[in-house]
2 protein chains.
Amino acid sequence: MPLWPKLVNLYQEYACYNMSSPSSLSLRTHTCGELNVDHVGKWVTLCGWVQYLRQDLFVILRDFSGLTQILVPQEESASKVKADLCDLTVESVIMVTGTVRKRPAGQENKMPTGEIEVLAENVEVFNVSKKLPFEIKEFVKKSESLRMQYRYLDLRSSRMQKNLRLRSQLVMKMREFLCNEHGFVDVETPTLFKRTPGGAKEFVVPSREPGLFYSLPQSPQQFKQLLMVAGVDRYFQIARCYRDEGSKPDRQPEFTQVDIEMSFVDQEGIRTLVESMLQHSWPAEKGSIQVPFQTMTYEEAMRDYGVDKPDTRFNMKLTDISDIFSSTQVEFLRSALDQPEGSIQAILVPCGAVRRKPSHEVHSLLVFFLSLVLVRTDGTLKSPLKKLLSASVTDVLIKKTQAQPGDLLLIAAGTLHSRPLLGSLRLQCAELLESHGRPVRDPLAFHFLWVVDFPLFLPKEDEPQELESAHHPFTAPLPEDTALLFTEPHKVRGQHYDLVLNGCEIGGGSIRIHRASEQLYVLKNILKEDPSQLTHLLEALDFGAPPHGGIALGLDRLVSIIVGAASIRDVIAFPKSFRGHDLMSRAPDTVSDKDLTPYHIYVKWPTKQGGEEK
Amino acid sequence: MPLWPKLVNLYQEYACYNMSSPSSLSLRTHTCGELNVDHVGKWVTLCGWVQYLRQDLFVILRDFSGLTQILVPQEESASKVKADLCDLTVESVIMVTGTVRKRPAGQENKMPTGEIEVLAENVEVFNVSKKLPFEIKEFVKKSESLRMQYRYLDLRSSRMQKNLRLRSQLVMKMREFLCNEHGFVDVETPTLFKRTPGGAKEFVVPSREPGLFYSLPQSPQQFKQLLMVAGVDRYFQIARCYRDEGSKPDRQPEFTQVDIEMSFVDQEGIRTLVESMLQHSWPAEKGSIQVPFQTMTYEEAMRDYGVDKPDTRFNMKLTDISDIFSSTQVEFLRSALDQPEGSIQAILVPCGAVRRKPSHEVHSLLVFFLSLVLVRTDGTLKSPLKKLLSASVTDVLIKKTQAQPGDLLLIAAGTLHSRPLLGSLRLQCAELLESHGRPVRDPLAFHFLWVVDFPLFLPKEDEPQELESAHHPFTAPLPEDTALLFTEPHKVRGQHYDLVLNGCEIGGGSIRIHRASEQLYVLKNILKEDPSQLTHLLEALDFGAPPHGGIALGLDRLVSIIVGAASIRDVIAFPKSFRGHDLMSRAPDTVSDKDLTPYHIYVKWPTKQGGEEK
């Protein structure tokens, strides 16, 4: 195996040509993507994978940066080199040394290296590849599970290479912005932590002490606040977080958030910081983003979009048309309006009347309360409602909704609580229109939106007379609502802000409670929680806590939207499958009883009588 | 609670003065460490903690950057401000607005802000601190457990503030070097992984599928190699790693490594990269470091220092003096030399003969094989050996060891296997001398050293006829030793390199095996391991793996040496105690049976009959 002496020689010959490039300290002199006519005549060394072989004339060599055409020498004196090259299989790894030549006229192409080729004079074969389970080409449709099983091959695709590199660069720019320009301190916080009260989604990690477990936290929330109490002043971390949700679409058991906390700051300060950070780190090839971002209250978002994370790339807002029907006698409208918070809402779907199919699909969604009104090209209506509506009501309806001929009006009667259904109906209408070739959302647009003034508490789903935190118990109330904490806590709005991008929540944060008495009141009197689990945090607030606030951005989701990926799995090097499995290494896996012994646990097999034990 | 409207007003008045400083986007205009005579007359806002109160005249305000003296106004018209300030307790958090003044002559001090003070004109009290469990002053000796319980207070000390900030900046510079200058890609790898064969130190994480567990990996070793197979070319990650070692001094169950892997590189390339990276990122206040680092083979290190991580800041090397005694008849020397690998070694302790106490302590270490020789000021020897040695042997001994009057010679007879004992004796001598006021090691010096040419395999401790990997099974053999794999594997040296700083191993890495057949041979034929657990890696090597290698640096240890900390706990924000506990939040903690149910495990209490169950 006379590989290394040769490499070392070559290294000494070529290395260190360029200390500040991807070829520094490497066996190669250049990458496969960088040679052009300026290099003609140069003696170069390239390393890479055989993309394909063309007859016995060319080998196309690939690395992360691109492709270079290698010319197979045909002279008798180079028969060894020729034989080595022609014996290769696709995806074999080689090092080629030779001279850069201009391609013969007519053989150029538009690739960055399309005007040159390298005449091979020396070849080192590092590894001959076996036949792959699939071809590494964009157009080959692979099954998701095959891609995951051979993830290291899937990652060779130019799309995955780009995604990983864009993610790395985005994070680097965020770090530079936070660390170098704004004095943030990158602090690592523990992931072996204590279980949060009610932390049902936290993985447990048995310790060597019987019955004692660590927990993998869903976020560094407590630590970031404690760092503010510690006087760190400005903290950030690209933090690994854990959430055990079983199988949820496009969630990962471990994920990454850009975690930020500042002292002596208000909402405006955090929002401005995040806007500037995203603007600073935004990939140049994705255009620039405008700041400040649009801001909307939770109430406005629910009113106009029926959702707290509206996709503002398109209109089709909810319109309250209750007043048009204030004296209606149409039964289903009347009974809706007679309820508490009864309301009649309309969504105008532009050009939605043209095809029947989408309308039918939409119709099936909310069959009891929804009615369709098609505006004919002559301006008259076609609708089961039509005969129930007077001409004047029809006129007002058309006017208020600004419906045009060819539009579809969706009219829903119910209570305000059904607005989320209309919000999702709005999104489905957009999808339906797009699936029928009518563009609704610009796929290249990035619409950022702050949603603010959320309620601080919501009724518990199973016990609606009790309250739970809308986000988490550390969020401070709006100053003007603070007094309501003691009288009507359900009316208190919190200093929470969500960041929404194209209808996805990509971040959320708040100004925190910084006084122990207020925090204790919220925990004990409003949330009825046992504060003893948070003694350390309450104590910390008593020993000189500054006012502080922060935010966490979901990095996986943010990157996936930037690159236009269908799933966050496309921006994570080694994601888990839908069921939380690593299909490549087959994790999770069995562990022997012997290996579990130090942790004082054993497995309760559901099929055995163990299932009965408590 | 009329806090926030005021803050918002103040924010609008003062914020954004400086977008690129620690006061950007903040309620303050300046930090407590930056004001000087250039600011005299300026209207400023400071936020911070009350360091102390001096009569009713001054408040010393502190933030992460320093201290500023706040002058309490004494006029009647400012009685509210005066009352607010004088009612404060130490460590309360306030915001002060006022004018910067030059201190009266004679009241200046040498602090950066020692020539000015700020006359308070407005005060906002954010939080009044309760009496602390200890004072935040360097000179107060606190118990380790108290420091850990109130870690957020301990972190307010200037030492911990400096440590955390130096660590953050060091890592930032490493990132800039790797990412921006050398084309590395920051890739996050999973921490919920599959158990490594024999991974006895891996925490297990139960999944929701009965009997299936994730494992928290000790390093991203497999993933980094797979990323090279994936064509990522250059990978780095500041990686969180996990190791469950029970209680070991100064180890943490989770720790951080600077994890690096490159394709198409050799040992020299990796070593040059690491040297340049450390040089680039080295904190300016710690002086500069010289590259290239000294290199030593494993054999040389064992021969001269008796250890594979020698502290090269001082001499006192092991000297083989066997030849002097080749014809000795002194019984314990003779019997040592007659053994296989028998040897007589000397350590020269300069000036070690002056005090008897250290010699006694040293003596007790190796009482059977060790003899002491004191060189008197007149050049004669004092030793139990003396009467057994001829004059000529004595002369040669003095000459060979270059012993001077007043020196101590430690002479040990045994086999070469006892060299590690002498290595630790050498370190203890240095400590003893230093504890007696004789400086041996420069506390400000940083001596880097590469140790190379380690044996690839070592005899297993419990079954010495079998071999195990000296580091891990993926390390490639030295090219010139490859043929020995098939004949005398115990003689094969690996392409492994350790980085040693001041006698501590701070990193290690290797060039990896990149051919499946060689990897399989090592696993199956030499290590007798079941290769089926590594099918995914072996397969990956078969599908076009490039030659590759890398390194991992222990970040916690590196930073602790740079800042001169006694423990890595001093460079980690929230470390675990010796027993792996978080003394602040009290993790690990109990988890209810109900919370364990989804994970199909239960606790095997050692005191109950559960202990008998299998």
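B:Glu188 forms a salt bridge with A:Arg167, their closest N and O atoms lying 2.7 Å apart (a salt bridge is a side-chain nitrogen of Lys or Arg within 4 Å of a carboxyl oxygen of Asp or Glu). B:Glu188 sits in the loop between strand S6 (185-186) and strand S7 (204-206) of chain B, and A:Arg167 is in helix H5 of chain A, so this pair joins two chains. Helices (H or I, at least four residues) and strands (E, at least two) are DSSP runs, numbered from the N terminus.

This is a predicted model, in which local features need pLDDT of at least 70 and side-chain atom pairs count only at pLDDT 80 or more, while totals for chains, interfaces and linings use all residues. Residues are numbered from 1 along each chain as its sequence is written, chains are lettered from A and ligands numbered from 1 in the order in which they are written, and side-chain values use heavy atoms, with hydrogens and water left out.

**How the chains meet**

- In chain A, 152 residues are in contact with 151 residues of chain B (contact means heavy atoms within 4.5 Å).
- Between them, chain A and chain B bury about 13,600 Å², with 58% of it on carbon and sulfur atoms; buried area is the accessible area (1.4 Å probe) that two parts lose on being put together, summed over both.
- The rule finds 16 salt bridges across this interface, and the count over all chains comes to 86.
- One salt bridge is formed by the side chains of A:Glu209 and B:Arg579, at 3.1 Å from N to O.
- Helix H5 (residues 158-182) of chain A gives the most to the side of chain A that touches chain B, with 12 residues.

**Strands and sheets**

- Strand S24 (residues 601-603) of chain A and strand S24 (residues 601-603) of chain B run antiparallel and are joined by 3 bridges; two strands pair if DSSP finds at least two bridges between them.
- Within that pairing, A:Ile601 has B:Val603 as its bridge partner.
- An open sheet with antiparallel pairing has 3 strands in the order S7(A)-S8(A)-S23(B).
- Its edge strands are strand S7 (204-206) of chain A and strand S23 (589-590) of chain B, each pairing on one side only.
- In chain A, 8 strands form an open sheet of mixed pairing, in the order S6-S9-S10-S22-S21-S20-S17-S11.

**Backbone details in chain A**

- A cis peptide bond joins A:Val291 and A:Pro292, with omega about -5°; A:Pro292 is in the loop between helix H7 (267-281) and S11.
- The peptide bond from A:Ala587 to A:Pro588 is cis too, with omega near -5°.
- A:Arg586 has a positive phi of about 60° although it is not a glycine, and its place is in the loop between H15 and S23.
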